[in-house]
Each structure stands twice: as C-alpha cells, then as structure tokens.
Amino acid sequence: MTDAFRKDRSEMIRVDQAGEFGATRIYAGQLAVMGDRGPHSAEIRGMAEQEAGHRAEFDALMAKRGVRPTALQPFWNLAGYALGAGTALIGPEAAMACTAAVETEIDKHYSQQLDELEADGDDPELADMIHRFREDEREHRDAALDAGAENAPAYPLLSAAIRLGCRAAIRISEKI
C-alpha cells in the first residue's frame with residue numbers, strides 16, 4: 001500500500017466517521033426537542049439507530065486501520081446537536097428538511113467515493129460499507145421528503161444553507 005493510497009483512504013474513513021457522528025448528534029438534538037410523542041419521532045429514532053450503527057462500524061474500521069478522527073469532533077458534536085435542535089424548534093417539517101438536505105449531500109458524497117473505490121477496486125471492505133450506508137441514507141432522505149420536508153418554512157433557503165454547511169464540513173473533516 002502506498003503512502004498516497006493510505007492517506008486517501010484515511011481521509012475517506014475520517015470524513016465518513018465524522019459525518020456519521022454528526023448525524024447521530026443531529027438526531028439527538030431533534031429528539032431532545034420533539035420528545036417521544038412528536039411527529040416523526042419514532043421515524044427519527046429509527047434513523048438515529050441506523051446512524052449509530054454506521055458510526056460504530058466506522059469507529060471499528062478507524063481502530064483497525066489506525067486512522068485518527070477529525071480534530072473537529074468536539075465542534076461537530078455541538079454543531080450537529082444545535083442543527084438538530086434548531087430545526088426541530090422550527091417544526092417537524094423543518095426537522096425533516098434538515099434530514100433531506102443532509103442526506104442529499106451524503107448521497108452525493110458517498111456516490112463520489114464509491115466511483116473512486118470501484119474504479120480502483122482495491123478496497124472492497126470500505127466500498128461495501130459505503131454502499132450499504134449510502135442506501136440507508138437514501139432511504140432517510142426519501143422518508144424525510146415523504147414526511148413533508150418540502151413544506152418547511154423557507155424550505156429552499158433552509159435546504160440550501162444546510163447543504164452548503166454539509167459540503168463545507170466534508171471538505172474540512174477530510175483534512176483536519
């Protein structure tokens with residue numbers, strides 16, 4: 001394995017683990033506001049459990065391959081929770097808009113990674129994980145849209161802002 005290959009795969013694993021960590025924090029913030037009786041809370045809890053499973057698998061892969069987590073994890077901890085709580089405070093549709101926006105960007109991100117991994121064909125373990133998780137993320141996005149995400153106040157603006165934040169978080173977490 002070349003140093004460049006290791007660095008590239010380490011960046012993939014680091015950013016993906018950070019994203020799954022951030023997702024668990026977003027859902028924790030939403031559930032803290034919505035509680036167990038809020039609209040979509042059961043669905044959000046189910047999504048949160050899937051994200052926790054994704055994170056656990058990335059945590060294990062990081063340990064196995066000696067990949068360091070992002071130094072920004074404490075920031076993503078707070079930012080994810082605040083984003084989840086903030087969108088839930090706006091209302092259930094805004095919470096779903098948050099999920100739809102985040103998962104749209106994660107779908108694109110995971111698809112780009114899969115294109116690279118499948119072209120190289122040299123890391124089937126990582127490619128399998130990303131493929132499985134991407135399918136879950138797509139289901140989350142579709143469920144959020146079905147639950148009225150597009151009915152959130154100022155949906156186009158809210159969605160665009162969250163998607164921009166996700167793209168920035170991805171780029172930053174790859175390196176830092």
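Which helix supplies the largest share of the lining of the largest pocket? H1 does, with eight residues.

## Basis of the model

The model is predicted, and local features need pLDDT of at least 70, side-chain atom pairs count only at pLDDT 80 or more, and totals for chains, interfaces and linings use all residues. Residues are numbered from 1 along each chain as its sequence is written, and side-chain values use heavy atoms, with hydrogens and water left out.

## Largest pocket

The largest pocket has a volume of about 460 Å³. A pocket here is an open set of points on a 1 Å grid over the protein atoms alone, where a 1.4 Å probe fits, with protein on both sides within 12 Å along at least five of seven lines; lining residues have an atom within 4 Å of a point. The volume is the space filled by probe spheres set on the points, which are joined across faces, edges and corners.

Of the 26 lining residues, Gly19, Gly22, Ile26, Cys166 and Ala169 lie nearest the centre. H1, helix H3 (73–90), H4 and H6 each supply at least two residues of the lining. Helices are DSSP runs (H or I, at least four residues) numbered from the N terminus.

## Nonpolar core

The largest nonpolar core has 42 residues, and Ile13, Phe58, Val102, Leu126, Ile130 and Ile162 have the most contacts inside it. Helices H1 (3–34), H2 (41–65), H4 (92–120), H5 (124–146) and H6 (155–175) each supply at least two of its residues. The largest share, twelve residues, comes from H4. Such a core is a set of buried Ala, Val, Leu, Ile, Met, Phe, Trp, Tyr and Cys residues joined through side-chain atoms within 4.5 Å; buried means under 20% relative accessible area with a 1.4 Å probe, protein chains only.

Phe58 touches residues including Ile13, Tyr110, Leu126, Ile130 and Phe133, not counting residues up to four places away in sequence. Contact means heavy atoms within 4.5 Å.

The 29 residues of H4 should span 42 Å at 1.5 Å a residue, and its end C-alpha atoms are 42 Å apart, which agrees. The expected span is 1.5 Å times one less than the number of residues. Gln113 is found in H4 and counts as buried because its relative accessibility is 6%. Gln113 touches Met12, Val15, Asp16 and Ile130, not counting residues up to four places away in sequence. Just after H4, Gly121 takes a positive phi of about 65°.

H5 has 23 residues and reaches 33 Å from its first C-alpha to its last, close to the 33 Å expected. Its buried residues include Met129, Arg134, Asp136 and His140.

Conventions: Buried means under 20% relative accessible area, exposed over 50%, partly exposed in between (1.4 Å probe, protein chains only).
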